[in-house]
Amino acid sequence: MIFVESEFARLQTVVLAESEFGFPAVPRPEDLRFLTPEAREEVQQYRGRDHAEALPDVHRAWELEREALKRMLEKYGVKVLHPRKLLPEEKQAAGVDGYSNFFARDPFFTVGNSVVEGSMRFLHRRNEVLPIRGIIEREVMPEDCHYVAVPRPAIAAPDDATLGPGPFLEGGDVLVLGKKVLVGNSGLASNAQGARWLQKYLGHWGYDVEMTRLHPDVLHLDCALGLIREGLMVICEEAFLDGVPSILQNWTPIPVDLSETGTLITNGLPVSSGVYITDPAFARIGEQVEAHGIKVEYIDFRISRSFGGSFRCSTQSLLRKD
């Protein structure tokens, strides 16, 4: 079965990312502003190199983080799927833009019984869905569900800092709450054209897609907002340029500062409405979550977080249903 009813419905089947990254040979500084200063320096230092070759010890530790998350998910009965590794020809075709196969949340996403291939803005992520296609072939195609793709983005002029009109639509910007779907837009990832396409597609089944503008230093909506269970969220309110979405106005907030969004403090992962995974670095968040009767599990994810993503970013749900 393929179905996602909300961000906190019981997680039953999930895609867990691999750990592959090729540093762009010509990094675009304007696209790195969501990273920590240390991460931006690393991108410049290792430009054009494969992460596993440049930093083998760090790379192995990164893989161990994902293995620890897999064990945790399986502890709660979640079926965990993995994309394949990148092919040599895929890495070669990426050229100076670099390549990635490291955050399964963004190249595709699931809303209800629709699986949607996204349209990535960053050049090194444009083909990140390719290693996931095998999972789609095996897990999605046989099911009674819908499978579509966002239109390919327009080709931009070499000096266009925006990378063109898109449409861009990335899973980290897409949060599902029943028939309400929130789509973030900071200028770094999804844009208005992508949100408009999603409304056009999902509106047929009664979904309401709402685009919410974000601070330009926030990569995705899930870097500023995490829905933990019905009525409870961890949120950076100052990241929302037009205020908190109306559907969340009466929710209890666990507040964080804008300066903390780059640490991925909101990017925990509900296994269900009663279990939440986060990093021990965010124990103060975990303590507040526990005060609401929710069990909190901790995994050190510091290396994954250095790439600009954490637990939600590393996973993509295929089945979340109570």
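Me: What percentage of the 322 residues in the chain do buried residues make up?

Reply: This is a predicted model, in which local features need pLDDT of at least 70 and side-chain atom pairs count only at pLDDT 80 or more, while totals for chains, interfaces and linings use all residues. Residues are numbered from 1 along each chain as its sequence is written, and side-chain values use heavy atoms, with hydrogens and water left out. Buried means under 20% relative accessible area, exposed over 50% and partly exposed in between (1.4 Å probe, protein chains only). Of the 322 residues in the chain, the buried share is 57%.

Me: Which strands stand at the edges of the open sheet of three strands?

Reply: Strands (E, at least two residues) and helices (H or I, at least four) are DSSP runs numbered from the N terminus, and two strands pair if DSSP finds at least two bridges between them. The sheet has the order E9-E10-E11, with mixed pairing. Two of its strands each have a single partner strand, so one side of each is left without a neighbour in the sheet: E9 (174-177) and E11 (208-213).

Me: How many bridges join strand E10 to E11?

Reply: Strand E10 covers residues 180-185 and runs parallel to E11. Within this pair, Gly 184 stands opposite Thr 212 in E11. The number of bridges joining E10 to E11 is six.

Me: At about what angle to E11 does helix H6 run?

Reply: Axes are lines fitted to C-alpha atoms, for helices over the stretch in contact (heavy atoms within 4.5 Å). Angles run from 0 to 180 degrees between N-to-C directions. Helix H6 (residues 192-202) lies across E10 and E11, and its angle to E11 is about 170°.

Me: Within what arc do the buried residues of H7 fall?

Reply: In helix H7 (residues 283-290), Ile 285, Gly 286 and Val 289 are buried. The arc is that of the directions from the helix axis to the C-beta atoms. Seen down the axis of H7, the buried residues line one face of the helix, because they fall within an arc of 100°.

Me: Is Ala 94 buried or exposed?

Reply: Ala 94 has its place in helix H4 (residues 88-94). Its C-alpha lies 9.4 Å from that of Arg 125, 31 residues apart in sequence. With a relative accessibility of 15%, Ala 94 counts as buried.
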